[in-house]
Amino acid sequence: MSLNRRDFVKLCTGTVAGFGVSQMFHPAIRDALADTTNGGRPPVLWLSGQSCTGCSVSLLDTAHPTIADVLLKVISLNYHSTVMAGEGEVAVASIFDTVKANKGKFFLVMEGAVPTEAAGKYCIVAEYKHKEYTVAELLKMVAPEAAAVLAVGTCAAFGGIPAAKGSTTGAKSVSAFLKENKIATPVVNLSGCPPHPDWIVGTIVLALKLTQEKGLAAGLGEVVKILDADGRPNPFYGDNVHENCPHLQSYDGGKFCPSFTHKDGCRYELGCKGPGANCDSPKRKWNGGVNWCVENATCIGCTERDFPDGKSPFYSN
Amino acid sequence: MATSTPAAAGKATIAIDPVTRIEGHLKAEVVVENGKVVDAHITGGMYRGFEAILQGRDPRDASQLVQRLCGVCPTSHSSCSALAQDAAFKVKVTENGRITRNLILGANYLQSHILHFYHLAALDYVKGPETAPFIPRFKAPDLRLSDDINKVGVDQYLEALEVRRIAHEMVALFGGRMPHVHGIVAGGTTEIPTKEKLTEYGARFLKVKEFIEKKYLPCVYTVGSVYKDLFKQGQGHKSCISFGVFPLDASGKKTLLKAGVYLNGKDGNFDPKQIKEYVKYSWFDDKTTGLPYDRGQTIPDVNKKGAYSFAKSPRYNDKPVEAGPLARMWITNPELSATGQQLLKEKFGLNAKKFRDIGVDLAFSIMGRHVARAEETLLVANAIVGWIKEIKPGGETWTKFELPASGEGLGLTEAPRGALLHFLRVADKKIGNYNIVPATVWNVNPRDDMGVRGPMEEALIGVEVKDIDNPVNVARLIRAFDP
């Protein structure tokens with residue numbers, strides 16, 4: 001890692017000027033990010049299952065540090081089907097070579113849900129030496145050898161839309177899939193449809209920092225300590241959207257917006273799911289801080305385990 | 001190298017899975033004979049079942065859920081769904097609503113096309129740094145750019161990462177966030193553009209537009225001039241379709257990029273009733289084959305014999321038609337950029353003023369598709385200049401409506417990667433049926449019931465593969481479609 005101090009601090013604090021730093025993040029992340037370190041880029045394998053690639057596209061939007069810095073200075077992204085140069089067997093070999101050379105030391109990122117019906121055939125992701133691989137098979141091979149798994153996005157973290165009512169593909173979250181297959185590799189959930197790029201980069205940087213400082217097992221132990229009951233890092237998911245919404249006062253005062261385009265008031269009566277959703281979007285905002293979900297319309301609760309079924313219908317009359 | 005199976009008769013079968021640097025899971029299997037592709041099968045490897053998941057929900061949920069079909073072009077899915085809902089709910093969008101939708105969708109066009117050329121396609125032509133994810137690559141990757149031009153390519157790859165991020169900020173200013181916007185809903189958009197927000201949008205837009213004019217367009221023509229042979233490969237059926245996108249008036253009929261069909265060398269009007277979806281070679285129930293869009297069904301049959309893809313085969317008038325920037329530019333036939341006119345003359349000896357002056361043989365090619373996309377990017381950028389002037393700061397963008405007990409609506413638009421159709425039927429205020437014909441499926445589909453190859457499969461025929469261990473041109477062709 002070699003990121004400058006300013007980038008680290010920006011990453012932790014979001015972009016809201018004047019916001020109290022102490023409210024924004026856990027001390028562990030603050031310590032990790034306020035210190036510039038140099039070291040080798042640890043190998044990362046990024047697999048995708050039933051996904052829309054939206055989590056990857058969100059990661060591309062990281063500003064502090066930039067995605068170029070993440071790719072060239074922070075991690076060695078040895079497999080990611082959307083960005084890597086190689087293709088076919090050249091690409092697939094990179095998965096197997098990385099696992100072989102870095103047993104127990106590489107990080108696995110999984111984007112998308114894992115379909116388990118029909119022997120996993122609803123998601124065929126590779127062919128190597130005349131053998132076809134489903135994402136379920138690949139995950140079973142790779143996950144046991146990883147230091148930790150990052151389940152990026154609500155599909156990977158909780159099943160998300162591919163596992164919603166009406167689905168027939170047996171879509172599962174990464175943690176459920178690993179548990180069924182008795183794979184004990186620790187999983188960190190980074191929910192959100194998509195997750196904010198800071199949540200992804202912040203968690204990766206934290207994990208790298210802690211494991212470099214304290215060794216792999218002890219460092220990951222520290223990461224696990226900051227996870228909530230849903231396996232998500234508290235610094236990013238610890239706060240309720242509604243409780244931290246700038247329109248909370250309007251809610252308390254009974255001042256509600258009658259339509260999407262009325263902006264002076266609380267959006268609860270439009271169907272806002274903020275009261276049942278946790279993340280730091282109200283403070284961090286999105287896309288360089290230019291906007292966020294509730295400011296623009298409503299929260300649809302996309303970071304939660306019961307998204308989308310428990311949050312549907314998204315809008316009220 | 002790819003999985004290859006040489007055979008005695010001088011034929012070899014090559015499988016490439018995954019085809020990387022695309023959105024989603026795609027496999028290509030080609031048969032090569034005498035250095036050229038003679039047969040091709042394209043497999044879409046993933047199924048989620050959006051249509052089934054949408055069934056029975058509040059119809060308004062659709063504009064959120066469908067965006068998760070594609071994280072690169074969610075704005076197109078929300079637009080298409082909103083159009084279908086507008087029609088089903090009989091709600092008329094205000095002028096400001098229409099223009100704000102164009103500003104959101106337009107900004108993402110810029111983002112998507114820049115992302116496609118630089119971060120998905122460019123590594124087919126530009127040699128990246130000797131580190132992951134730029135390695136591993138093919139042992140003989142056929143990278144021909146001179147060192148100085150290659151350096152420009154790498155620098156622009158990095159700069160384009162910033163530019164596309166800024167374009168996403170433009171989307172988020174009125175869309176709420178990106179990927180997956182909150183701003184496009186039935187009845188219009190959720191946020192009224194203020195003067196301040198339009199200024200923010202405009203400031204970012206100028207940076208993006210400058211990059212398109214000064215870097216992206218010249219880069220595409222320059223790279224193309226080094227790979228002139230790729231203007232002669234990948235022609236396919238030479239038939240194409242556009243549903244039209246970016247409505248310019250309240251009727252929605254007049255669009256910046258026109259609706260139309262180009263079939264067997266003839267232009268025709270577009271009529272959605274001519275669309276049918278075939279599934280003989282898809283992993284879907286045979287009894288659902290040949291249905292029109294408003295009766296479409298999606299019932300998976302993953303062990304079906306002879307099938308090889310999760311993509312259906314949409315056909316127009318029973319014929320395969322390609323979709324995407326080339327289709328839109330061919331059908332719209334606008335004037336080329338000054339850069340394009342100049343470089344076509346300098347580097348190719350071509351006197352071309354309008355897009356079709358490039359000629360059908362050069363346009364329908366690997367490089368022709370990149371040229372069409374780059375030219376379209378500037379065209380959309382120029383239109384955004386007009387929309388910023390046309391929009392009324394503070395003017396209402398959303399119209400109230402009653403959710404009807406029943407009704408139906410057709411949404412037609414164009415995603416950056418092709419023609420997009422959503423059909424909604426409302427029953428008891430819920431989704432009774434929702435049918436999606438996604439953009440990429442127009443291109444990547446397998447053979448239809450008549451045995452005719454899909455557009456991408458057909459375009460692979462004749463593509464040169466001189467070295468079966470380094471079949472670089474196969475994925476070059478595939479990526480040119482931006483699947």
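This is a predicted model: local features need pLDDT of at least 70, side-chain atom pairs count only at pLDDT 80 or more; totals for chains, interfaces and linings use all residues.
Local features need pLDDT of at least 70 and side-chain atom pairs count only at pLDDT 80 or more, while totals for chains, interfaces and linings use all residues. Residues are numbered from 1 along each chain as its sequence is written, with chains lettered from A and ligands numbered from 1 in the order in which they are written.

Chain A splits into domain 1 (5-237) and domain 2 (239-317), with bounds from an automatic or database domain assignment. Where they meet, domain 1 of chain A puts in 21 residues and domain 2 of chain A 17; contact here means C-beta atoms, placed from the backbone, within 7 Å.

Between the chains, 72 residues of chain B touch 69 residues of chain A. On the chain B side, H5(B) gives the most, with nine residues (helices are DSSP runs of H or I, at least four residues, numbered from the N terminus). That side has 34 nonpolar, 19 polar and 19 charged residues; Ala, Val, Leu, Ile, Met, Phe, Trp, Tyr, Cys and Pro count as nonpolar, Asp, Glu, Lys and Arg as charged, and the others, Gly among them, as polar.

Within chain B, helix H7 (residues 325-332) and helix H10 (residues 366-390) pack at about 70 degrees, their axes 8 Å apart. Axes are lines fitted to C-alpha atoms over the stretch in contact, and angles run from 0 to 180 degrees between N-to-C directions. H7(B) is therefore roughly perpendicular to H10(B), a label for angles of 65 to 115 degrees. Their contact comprises four nonpolar, one polar and five charged residues.

Key
Two residues are in contact if their C-beta atoms, placed from the backbone, lie within 7 Å. Helices (H or I, at least four residues) and strands (E, at least two) are DSSP runs, numbered from the N terminus. Angles under 35 degrees count as roughly parallel, over 145 as roughly antiparallel, 65 to 115 as roughly perpendicular and the rest as oblique.
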